[in-house]
Amino acid sequence: MNSDDHILVFNSGSSSVKFQLFAAGAGAPASTLRGAVRDLGDETICEWVYQGQRERTSISANDHGAAARRVLELLEQIIDAGQPLLEAVAAIGHRIVHDGERFFAPTLLTGDTLRALEDLSPLAPLHNPPVLAVIHACRTRLPDTPMVGVFDTAYFHGLPEHVQRYALPAEWAERQAIRRYGFHGLAHRYMAERFSTIHAANDTSRRVITLQLGHGCSVAAIRNGQAIETSMGFTPLEGLVMATCPGNVDVGIMYLLEHGSVTAGALNDGLNHHAGLLGLSGASADMQELLALEVQGHAGAHLAVEAFCQRARKYIGAYLAVLGGADAIVFGGGIGEHAPDICARICAGMDWCGLQLDTQANESALGHEARITTATSHLAAYVIPVDEEALIARDILGFLSAARTQDSHLSI
C-alpha cells in the first residue's frame, strides 16, 4: 500500500458501530480518526475524534447499515490535504464474530464468502447480521475497494480437542460441526499481547487470565500467547452472565419447550435479548445503571450484580487450576475498563491465591492501562483498554501485503 493510503475498520456490536481510520505507512498502522455510532434508533449519537478535536452529533440511523452509510458520509465531508478522507481509503476491514470451521485467518470478503457467513447468522444472531449489513453498505458505496474480514473465533481455532469437544454423541457433533468455537478472540488476543509487551523481559511462560467484560462477556486462559480455554462455546451464549444473555444454563430448560411454555422462537429470543443482567434485575442490562439502582436499594439490581461477579470469580478460580496458577488477571471491555467497583468485587476474597487489590489504583484506572494490585501482590491484576480496531488494521495490512504478491487484481 502507498504511504498515503488508509485502512478503514468497522467493529460492529449488537447496538453500536465503532470505526477507526488508520494510515498504512511504514511500520504499524497509525490511527488518524476514531469514533462510534451508538444507541441505534430514534436518538442515535455519532461521535468521533480527528486531529485532537472531539465531535458529537445526533443522526438518523435505525440499523447498522444506516450507521455505516453515515460514517462513510462523514469521511466524505472531512477534507485532508485537499481531498476527502474517504478517497484515501484503500481497504476496509470488518470484525466478524462467528467464522464456523471455514474461516480462521483474515479473508477477502467476496460474494461466496458473504453467503457462507449469512448461513452462520443463526449461531450469532446479535452480531453476524449487523456486521453483514455494514459490509453490504460499504460494498454498495465503495464497490471496488477490497474488504477483509477478521474473525473473533480465529484466536481459539487451536484450542485442544478435549476443550473444543462437547460430550455429545459423535454423530450430532459431526453432522452440524457442533463444538466450542470461542468468541471475543480479538479482545483476548489484544490483552494478552499488550500484557506481554508490558512485561517483555523473557516472558516466554506467561500465564494470563483475560476477562472481556462488556455487553457480551467472556474469559480466557492463555499460556505462552496461546488460548487453552475460554468460556464461550458453540455460540456466544455460553459462559459468563452478560447484559441480555444468561451464560451457562442447564440445557434442561428445553423442558419449557416440551411442556408448551414457550415456542422455539421465543426461547431463542429470550436467551439472546431478555436474560442475563436484564433478566435477573428486571430493570436494566446496563451495569452502570444497575450499580446506581443497587445503591438505592433495588433488590433485582443487587441480585444481578452479585450473580455477574460470582460467575466471573468462579471462572477465574477454574482457570487458575487449568493454568496451574497465573501471572496476571487482565480486565478489558466497557465494564472491565470503566467499572472499578465490579473489578473489586470480582477480586474480593481472592487473598488465597495471592491477589491483593490496590484500592486507590483500581479506582483511578478508569479507561486507562494500569496495574490495580499492590506491588507485593503475588498475583497481579491489570486493566488494559482493548483496541480491537488496531489489531484488525495490523492483520489486514499483513494480509493485503501478502495477497498483493499473489493476486494482482487487488491493486493495492
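Entry 1: I looked up Arg 189 and found it buried, with a relative accessible area of 17%. Buried here means under 20% relative accessible area, exposed over 50%, and partly exposed in between, with a 1.4 Å probe and protein chains only. The model is predicted: local features need pLDDT of at least 70, side-chain atom pairs count only at pLDDT 80 or more, and totals for chains, interfaces and linings use all residues. Residues are numbered from 1 along each chain as its sequence is written, and side-chain values use heavy atoms, leaving out hydrogens and water.

I then checked what Arg 189 pairs with. Its side chain meets that of Glu 193 in a salt bridge (3.0 Å, N to O). I count a salt bridge when a side-chain nitrogen of Lys or Arg is within 4 Å of a carboxyl oxygen of Asp or Glu. Arg 189 and Glu 193 are four residues apart in helix 6, so about one helical turn separates them. Helices (H or I, at least four residues) and strands (E, at least two) are DSSP runs, numbered from the N terminus. Glu 193 is partly exposed at 31%. I also noted a network of salt bridges that links Arg 189, Glu 193, Arg 394 and Asp 395.

**Entry 2: other salt bridges.** I got a count of 20 salt bridges by this rule. One of them joins Arg 115 to Asp 112, with the closest N and O atoms 2.3 Å apart. These two are three residues apart in helix 2 (residues 111-119), so they too are separated by about one helical turn. Arg 115 is partly exposed at 49%.

**Entry 3: Glu 229.** Which side chain meets Glu 229 in a salt bridge? I found that of Arg 180, at 3.5 Å, N to O. This pair links distant parts of the chain: Arg 180 sits in the loop between helix 5 and helix 6, Glu 229 in strand 13, 49 residues apart. Arg 180 is buried at 7%, and Glu 229 is buried at 18%. The side chain of Glu 229 also makes a polar contact with the side chain of Tyr 319 (3.5 Å). A polar contact is a pair of N or O atoms within 3.5 Å; within protein, one must be able to donate a hydrogen and the other to accept it, and residues adjacent in sequence count only if both atoms are side-chain atoms.

**Entry 4: nonpolar cores.** I looked up the largest nonpolar core, which has 52 residues; Ile 209, Phe 308, Ile 329, Phe 331 and Ile 342 touch the most other members. A core is a set of buried Ala, Val, Leu, Ile, Met, Phe, Trp, Tyr and Cys residues joined through side-chain atoms within 4.5 Å. Helix 11 gives the largest share of this core, eleven residues. A second, separate core of 37 residues includes Leu 8, Leu 72, Leu 85 and Val 89.

**Entry 5: positive phi.** Most residues other than glycine have a negative phi. I noted His 184, not a glycine, with a positive phi of about 60 degrees. His 184 lies in the loop between helix 5 (170-176) and helix 6 (185-198) and is buried at 10%. Asn 224, also not a glycine, has a positive phi of about 55 degrees. Asn 224 is in the loop between strand 12 and strand 13 and is partly exposed at 48%.
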